[in-house]
Amino acid sequence: MEIIMQNIVSLILWLVIIIAVVNVTVIRKSKNRKAAQSGEDRERVRNASAPLLRESDNAPLIYAHWEERESYGRTVKTTYHRFVVAYRDQTLWVSPFFIDKKTREMGLDRPKVLSPDNLGKITVTKKEKNGEIRQVKVWLADKQGHVLSQFDVEAENWRKNRWFPVNILQYEECAAFTRFIEALAARVAAENPGVDDLIKAEANEGLGVIGAIVSVVGAVFSIFFPPLGAAIALVGLLMSAISKLRGASGIIFLIVSIVCALVGAGFIWMYFTIM
């Protein structure tokens, strides 16, 4: 009987906790939605963006953000970026946007001005639900394929914590921005047909760099463990060779890998003939 009572008490406690969590979640969501519908945060963002509005001649504005993730072994560092983006006549003004954690004072930094003159590639990825655009992911690169800016535009932005600090609904703005950025992406693609090849070549160049590093490690290992070191150097040589065959422009990394592979082979010869 005592065990049954303990189980009942435990069940009631869990039910109370679940009900409390649900209530907090529902209340917070309702509160956020009312705040977003009031337009308070959107107006505050617009007021803080007065310098950008002057520079862009009162171009349409949209709020955006981006979560930058960097891996360090098993650790992942996430940096949260916020932006205000103005756009008009095939020109983007992308300005970093700041919100003080304590005072909630808003401000912005100098914008990047991006147009067909300095853009080489734009990728646009959008998500829709019930015929409405909910999210647009934008990646912008220069004419060499190097990233200039990237950000996500959300139709719904909720104040969840210090990293998500505003309640802003921008369905119409999101749809209008999508039409603008897709048209701009099409023009930039037509004017810069060779950028994809440059991006691929640079990626292959990176494989060559890694191959050269692996080869150097193999050459060092060859001093102490000739067979293992030579095998590692050979793997690095293969990576550098593949990089070159795929179109990498540089040859120095392939030369380094070849020299390291020869060093590994030399140590193997010494190991089996002299030692």
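A residue counts as partly exposed when its relative accessible area lies between the buried range, under 20%, and the exposed range, over 50%.

**Figure 1. Setting of Gln 90 in the predicted model.** Because its relative accessible area is 32%, Gln 90 is classed as partly exposed. This residue sits in the loop that joins strand 2 (75-88) to strand 3 (91-99).

**Figure 2. The largest pocket and its lining.** This pocket holds about 360 Å³ of space. Its lining comprises 22 residues, and those nearest the centre are His 65, Glu 154, Glu 156, Lys 160 and Phe 164. At least two lining residues come from each of strand 1 (61-72), strand 2, strand 7 (132-141), strand 8 (147-154) and strand 9 (156-157). Strand 1 gives the most, with 5 residues. Sorted by class, the lining has 9 nonpolar, 9 charged and 4 polar residues.

**Figure 3. The second largest pocket.** The volume of this pocket is about 280 Å³. Among the 16 residues of its lining, Arg 82, Ile 99, Lys 101, Arg 162 and Pro 165 are the closest to the centre. Strand 2 and strand 3 each contribute at least two lining residues. By class, 8 residues of this lining are nonpolar, 6 are charged and 2 are polar.

Technical notes: Residues numbered from 1 in each chain as written. Predicted model: local features only at pLDDT ≥ 70, side-chain atom pairs only at ≥ 80, totals over all residues. Heavy atoms only, no water. Helix = DSSP H or I, 4+ residues; strand = E, 2+ residues; numbered from the N terminus. Buried < 20%, exposed > 50% of the residue type's maximum accessible area, 1.4 Å probe, protein only. 1 Å grid on protein atoms, 1.4 Å probe; cavity = no way out; pocket = protein on both sides within 12 Å on 5 of 7 lines; lining within 4 Å. Points joined across faces, edges and corners; volume = space filled by probe spheres on them. Nonpolar A, V, L, I, M, F, W, Y, C, P; charged D, E, K, R; others polar.
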